[in-house]
Amino acid sequence: MDDKYIFDEPIECIYRAIRGLDRMNFNGTESEALDILQGKFSSYSRDDLQEIYRSYGDVRSEEH
């Protein structure tokens, strides 16, 4: 048995929230998506969340 439990990285939690928006067929603006994310991840600045949100979009577009 491993002597430490590995938790999700904070970035993965944010990616999971973004995927949740996709599953709900969120059709709002980037600003509205950032408002939702900032409510859930208040320890991150809006600029940080915007960078993560945009990089997630890049990753997502490369997969398809």
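Which residue forms a salt bridge with Glu-12? That's Arg-19, and the closest N and O atoms of the two are 2.6 Å apart. By salt bridge I mean a side-chain nitrogen of Lys or Arg within 4 Å of a carboxyl oxygen of Asp or Glu.

Quick background. This is a predicted model, where local features need pLDDT of at least 70 and side-chain atom pairs count only at pLDDT 80 or more, while totals for chains, interfaces and linings use all residues. Residues are numbered from 1 along each chain as its sequence is written, and side-chain values use heavy atoms, with hydrogens and water left out.

Okay, back to the pairs. The structure has three salt bridges. In the one we started with, Glu-12 is partly exposed at 27% relative accessibility, and Arg-19 is partly exposed at 27% too. Partly exposed sits between buried, under 20% relative accessible area, and exposed, over 50% (1.4 Å probe, protein chains only).

Next up, Glu-30 pairs with Arg-54, with the closest N and O atoms 2.9 Å apart. Glu-30 sits in helix α2 (residues 30–40) and Arg-54 in helix α3 (residues 46–63), so this pair ties together parts that are 24 residues apart in sequence. Helices here are DSSP runs of H or I, at least four residues, numbered from the N terminus. Glu-30 is partly exposed at 26%, and Arg-54 is partly exposed at 45%.

Last one: Asp-35 and Arg-46, closest N and O atoms 2.9 Å apart. Asp-35 is in helix α2 and Arg-46 in helix α3, so the pair ties together parts 11 residues apart in sequence. Asp-35 is partly exposed at 44%, and Arg-46 is partly exposed at 27%.

Key. Helix = DSSP H or I, 4+ residues; strand = E, 2+ residues; numbered from the N terminus.
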